[in-house]
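Please open the model in your viewer and keep the selection panel at hand. The tour below moves from one selection to the next and says what is to be found at each stop.

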Protein chains: 2
Amino acid sequence: MMAEKLTEPQRKELLEPLLVAGWQTTEGRDAIRKTFSFANFVEAWGFMTRVALHAEKLNHHPEWFNVYRTVEVTLSTHDAGGLTELDVKLAKRMEALAADA
Amino acid sequence: MMAEKLTEPQRKELLEPLLVAGWQTTEGRDAIRKTFSFANFVEAWGFMTRVALHAEKLNHHPEWFNVYRTVEVTLSTHDAGGLTELDVKLAKRMEALAADA
């Protein structure tokens, strides 16, 4: 299945809940990003590890930067040149996993 | 133990082997960086996971960015405002772990 860029109606429907949850669209690129903060490195790493397994299973991987307890995530679908349902799926999964932490 | 910034003689002795191994000093900041590339995300993540355990044990953590099979690492010691023996130790550990991958 080739992921296709989100249509305008899909953006309204699918991105809105993510923006409410603290995700932001990025300047000059069709992507979303969010910074997650945890109590310490162990908690941040635990989150990343759980995300990593889901990402590999989805065959859709984040761009992410970690330093100590902070994880900055950017999601976009390289093959499609922008946001697709894969990004929405991974972002929602991250929200659920961060809430568990 | 408070880590102290490397002296000039230490820099010559300790940084030189890392520069030969592909580490670079950074502009405008007393830090070293290297980009590691692996066969795929699973290999990159395996490397990061092993580094993460060592980093936590050293209580010295990298700044790192990952996208798919690439890991960009920057090392510096925040408390000391620059490079210390902790950075050298972590960089050498990363070299050993990347060579195993």
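Two strands are said to pair if DSSP finds at least two bridges between them, and strands (E, at least two residues) and helices (H or I, at least four) are DSSP runs numbered from the N terminus. This is a predicted model, in which local features need pLDDT of at least 70 and side-chain atom pairs count only at pLDDT 80 or more, while totals for chains, interfaces and linings use all residues. Residues are numbered from 1 along each chain as its sequence is written, chains are lettered from A and ligands numbered from 1 in the order in which they are written, and side-chain values use heavy atoms, with hydrogens and water left out.

Begin by selecting residues 63-67 of chain B, which form β3(B); 5 bridges join this strand to β3(A), and the two run antiparallel. Within this pairing, centre the view on Phe65(A), which stands opposite Phe65(B).

Now select the whole interface, taking contact to mean heavy atoms within 4.5 Å: 15 residues of chain A meet 15 residues of chain B. Together the chains bury about 1,500 Å², 72% of it on carbon and sulfur atoms, where buried area is the accessible area (1.4 Å probe) that two parts lose on being put together, summed over both. Highlight Phe41(A), Trp45(A) and Trp64(A), which supply 36% of the area that chain A buries against chain B, more than any other three residues.

How many residue pairs are in polar contact across the interface of chain A and chain B? The rule finds 2, both at pLDDT 80 or more; a polar contact is a pair of N or O atoms within 3.5 Å, and within protein one must be able to donate a hydrogen and the other to accept it, residues adjacent in sequence counting only if both atoms are side-chain atoms. Finally, colour α2 (41-58) and β3 (63-67) of chain A, each of which supplies at least two residues of the side that touches chain B; α2(A) gives the most, with 7 residues.
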